[in-house]
Amino acid sequence: MTFASLGLIDPLLQALVTLGYQTPTPVQTQAIPAVLAGRDLMAAAQTGTGKTAGFALPLLQRMVMTGPQVDSNMVRVLVLVPTRELAEQVHESFKAYGGHLPLRTAVAYGGVSINPQMMKLRKGLDVLVATPGRLLDLYRQNALHFDQLQTLVLDEADRVLDLGFAEELGAIITALPKKRQTLLFSATFSEPIRALAKVLLNKPLTVEVSPRNTTVKAIRQWVITVDKKRKAELFMHLLKKRRWGQVLVFVKTRKGVEQLVSSLVAQGISADSIHGDKPQPARLRALDRFKAGEVKILVATDVAARGLDIEDLPMVVHFDLPIVAEDYIHRTGRTGRAGATGEAVSLVGADEVELLAAIETLTRQVLKRIDEPGFAPEHRVPDTNGLGQVIKKPKKPKTKKMYFGAGAHKP
Ligand code: AMP
């Protein structure tokens, strides 16, 4: 299968040659012809599957092949994404693929001045990539009209809902023309996503490139149980012992992120952070430094989980398990991309066992536990059965013998 056989025009094929894309990925093989034909699409495809090119390439082609020229404050293709990072990344993809085409594209998200975004809209845009809150602001301030809108793309729609954008999304959809093409991409087809699809899509082609709610198989996933207060120490120990290269680490809170970065830096390890409290330029800088290899450890909260596009990242560490089980899939998806092997290790404390059970149910596996000598937890993490249940062992009466048993500590 080649990109040419999918019906893409020369300027796009040239861009793909420059980028070194040789063969379409499965989601691209299915999505490109359908989108070119104007069909609606519902795709279960997580980051790393090549989904962005799956919608960006055919949409660029449709924009360049069909009129009319876009008027002032109008937009023809609207791509809604959950985070600023993803907005930047998707926009970069449109620019990379459409570099040879006479099309106008822009990106809009909150946390930065709205004026330059309004200026860009004044001339009209073929493609606008935006986060829901800022998009609605622009619309309500009359900087944007949807009369010429042809296609709506909802990228990482599950995440849009998880981040609490349901209301904004509803308001935006109400403002769009009824007659349009709609493409919905989501890592998982949860019930809310299915409900959304029912309302939004018209006889969609359904594409599922990996089985429902599974993490990518090429990723070796395992758990180390540890007491909460020793997680940083364990992480440092693993980093040295296993000679990890670059690692993306997920921590639950912004404060936790900063604490870990400080400990790493204090030990002479180059580390940076990316979380919601940081201004956008600082986040992008941290990401760029990590991508360039200047920073060895990037510590992030889930805000950053979706947008990161880092190729060949061998290691993801779940320093804390995510509160929302689906985020485990999104986080883990940062490694093992495009068929490469990766590792995702979770440091799990006794207080996280319910979260672990939820992740195992969602991903339909019981994660292998590997003990790290010297770090056996004082607070045992109960076993799980992969069905969302925590197996609680009946308490044995305390005997002298038990004090010296495995995992127990001496009095
Ligand atoms: P995505 O799933 O859209 O985030 O894409 C994941 C990564 O795969 C990005 O870095 C893309 O540049 C890259 N990619 C997408 N399609 C292809 C392809 N057909 N061949 C090689 N790399 C690709």
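Student: Which polar backbone atom is 2.7 Å from an oxygen atom of the ligand?
Tutor: One of Gly50. Keep in mind that this is a predicted model.

Student: And how much of the ligand does the protein bury?
Tutor: The protein buries 83%. The ligand taken alone exposes 500 Å².

Student: What about Thr49, how far is its polar backbone atom from a ligand oxygen?
Tutor: The distance is 3.1 Å.

Student: Which side chain has an N or O atom 2.3 Å from a ligand oxygen?
Tutor: That of Tyr21.

Student: How many residues surround the ligand, and which are the closest?
Tutor: There are 15. The closest are Tyr21, Gln28, Gly48, Gly50 and Thr52.

Student: What classes make up that shell around the ligand?
Tutor: Nine residues are polar, three are nonpolar and three are charged.

Student: Switching topic. How many salt bridges does the structure hold?
Tutor: It holds 19. In general, side chains of opposite charge can pair when their charged atoms come close.

Student: Which residue forms a salt bridge with Asp155?
Tutor: Lys51 does. The closest N and O atoms are 3.0 Å apart.

Student: Where do Asp155 and Lys51 lie?
Tutor: Asp155 is in the loop between β5 (151-154) and α7 (157-162). Lys51 is in helix α3, residues 51-65. So the pair ties together parts that are 104 residues apart in sequence.

Student: Are Asp155 and Lys51 buried or exposed?
Tutor: Both Asp155 and Lys51 are buried. Lys51 has 3% relative accessibility, so it counts as buried.

Student: What does the side chain of Glu156 meet in a salt bridge?
Tutor: Lys51 again. The N to O distance is 3.3 Å.

Student: How far apart in sequence are the parts that Glu156 and Lys51 tie together?
Tutor: They are 105 residues apart. Glu156 sits in the loop between β5 and α7, and Lys51 in helix α3.

Student: Is Glu156 buried or exposed?
Tutor: Glu156 is buried, with a relative accessible area of 2%.

Student: OK, Arg331. Which side chain does it meet in a salt bridge?
Tutor: Asp302, at 2.7 Å from N to O.

Student: Which parts does that pair tie together?
Tutor: Arg331 lies in helix α13 (residues 325-332). Asp302 lies in the loop between β11 (297-300) and β12 (315-318). So the pair links parts that are 29 residues apart in sequence.

Student: What are the relative accessible areas there?
Tutor: Arg331 has 0% and is buried. Asp302 has 13% and is buried too.

Student: Which residues do salt bridges with shared partners join into one network?
Tutor: Asp272, Lys278, Arg289 and Glu294.

Student: Now the sheet. What is the strand order?
Tutor: The order is β10-β11-β9-β12-β13-β8-β14. Those seven strands form an open sheet, and the pairing is parallel.

Student: Which strands stand at the edges?
Tutor: β10 (271-274) and β14 (368-369). Each has a single partner strand, so one side of each is left without a neighbour in the sheet.

Student: How many bridges join β10 to β11?
Tutor: Four, and the two strands run parallel. In β11, Val299 is the bridge partner of Ser273.

Student: Last one. Where is Arg159?
Tutor: In helix α7. Arg159 has 3% relative accessibility and counts as buried.

Student: How far apart are Arg159 and Thr83 in space and in sequence?
Tutor: They are 8.8 Å apart in space, C-alpha to C-alpha, and 76 residues apart in sequence.

How values were computed: Residues are numbered from 1 along each chain as its sequence is written. This is a predicted model: local features need pLDDT of at least 70, side-chain atom pairs count only at pLDDT 80 or more; totals for chains, interfaces and linings use all residues. Side-chain values use heavy atoms; hydrogens and water are left out. A residue is near a molecule or strand if one of its heavy atoms lies within 4 Å of it. A polar contact is a pair of N or O atoms within 3.5 Å; within protein, one must be able to donate a hydrogen and the other to accept it, and residues adjacent in sequence count only if both atoms are side-chain atoms. Accessible areas come from the Shrake-Rupley method with a 1.4 Å probe; for residues, only the protein chains shown count as cover. Ala, Val, Leu, Ile, Met, Phe, Trp, Tyr, Cys and Pro count as nonpolar, Asp, Glu, Lys and Arg as charged, and the others, Gly among them, as polar. A salt bridge is a side-chain nitrogen of Lys or Arg within 4 Å of a carboxyl oxygen of Asp or Glu. Buried means under 20% relative accessible area, exposed over 50%, partly exposed in between (1.4 Å probe, protein chains only). Two strands pair if DSSP finds at least two bridges between them.
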